[in-house]
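Look at the fold below before reading on.

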Amino acid sequence: MLLPLAGRPMLDYLLDRIDAVEEIDAIHVVTNERFARDFVGWASQRSGLRPITVWNDGTTSNEDRLGAIGDIRFTMSQAGLEGGDLLVVAGDNLIEYSLEEYVRFWREKREGAAIAVRRVPDPELIKQYGVVELDADDRVVSFEEKPREPRSDLAATAAYLYRAEHAGLIGPYLEAGNPADAPGSFVMWLYRQAPVYGYRFEGGWMDIGDPQQLLEADNRMRARLGLQPRREYSLTP
């Protein structure tokens, strides 16, 4: 998340999108013991519109990690966020759509949670994602992780909006022994308990999970600055 794209930390691009949403009061970043100092250093150098708090969950290995959903609960508890609405976005996502429009869509529904979804027309590529099926009112009616036979061409992305009452269900969800790692697992459980709506966006989105995607994202940002593309990723601008 702190690797540079065209000379700026990847996470800065996400924070630019978050800063545009007037309703957001504060920003919380959760990480582990190994990277906490790096994130604190990054946050101290960034001048944004809202305070950034970095939370170290204290974990040091895959054996004791809390998982993405466990980290959400940890942050809610440490920061006293219980009773508030939440926007949760994975830090390794490069998004180019408007979070303001996403929040507006969610507010207009007047109930439930929301997940950002993007159309993936390639019938083989869509099988690599969580696939969401929506009804005429954009409500999630099915959600499958990497299905063999996808029911739609809408891929789930790691950007979620939770009303306070639904964020409050994260604790019971975990205490029931449900998966703590993938953040989409909570939504797969939640849509059967409460309304969850899918926000269809058309802007760019990348889930940067390997070196090739990192290089592609770097070149995308470099092109916007009029810089030449690179064949190999480098930390230098």
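In this predicted model, Val-29 touches Phe-39, Trp-42, Ile-52, Thr-53, Val-54 and Trp-55, leaving aside residues up to four places away in sequence; contact means heavy atoms within 4.5 Å. Apart from the core described next, another core has 27 residues, among them Phe-143, Leu-174, Phe-186 and Val-196.

**Basis of the values**

- Residues are numbered from 1 along each chain as its sequence is written, and side-chain values use heavy atoms, with hydrogens and water left out.
- The model is predicted: local features need pLDDT of at least 70, side-chain atom pairs count only at pLDDT 80 or more, and totals for chains, interfaces and linings use all residues.

**The largest nonpolar core**

- A nonpolar core is a set of buried Ala, Val, Leu, Ile, Met, Phe, Trp, Tyr and Cys residues joined through side-chain atoms within 4.5 Å.
- Buried means under 20% relative accessible area, exposed over 50%, and partly exposed in between (1.4 Å probe, protein chains only).
- The largest nonpolar core has 29 residues, and Ile-27, Val-29, Trp-42, Ile-52, Tyr-97, Leu-99 and Tyr-102 touch the most other members.
- Elements giving two or more residues to this core include α1 (10-19), β3 (27-31), α2 (36-45) and β4 (52-56).
- The largest share of this core, five residues, comes from α4.

**Strand β3**

- Helices (H or I, at least four residues) and strands (E, at least two) are DSSP runs, numbered from the N terminus.
- The covered face of β3 holds Ile-27, Val-29 and Thr-31, while His-28 and Val-30 are on the uncovered one.
- In a regular strand the side chains alternate between the two faces of the sheet.
- β3 pairs with β4 in the parallel sense over five bridges; two strands pair if DSSP finds at least two bridges between them.
- Opposite Val-29 stands Val-54 in β4.

**Helix α2**

- Ala-36, Phe-39, Trp-42 and Ala-43 are buried in α2.
- Seen down the helix axis, the buried residues of α2 fall within an arc of 125°, so they line one face of the helix; the arc is that of the directions from the axis to the C-beta atoms.
- Arg-37, Ser-44 and Gln-45 are exposed on the other side of α2.
- The cover over the buried residues of α2 includes β2 (8-9), α1, β3 and β4.

**The whole chain**

- The protein chain has eight helices and 12 strands.
- Buried residues make up 46% of its 237 residues.
- Along its principal axes, the C-alpha trace of the protein chain spans about 50 × 40 × 40 Å.
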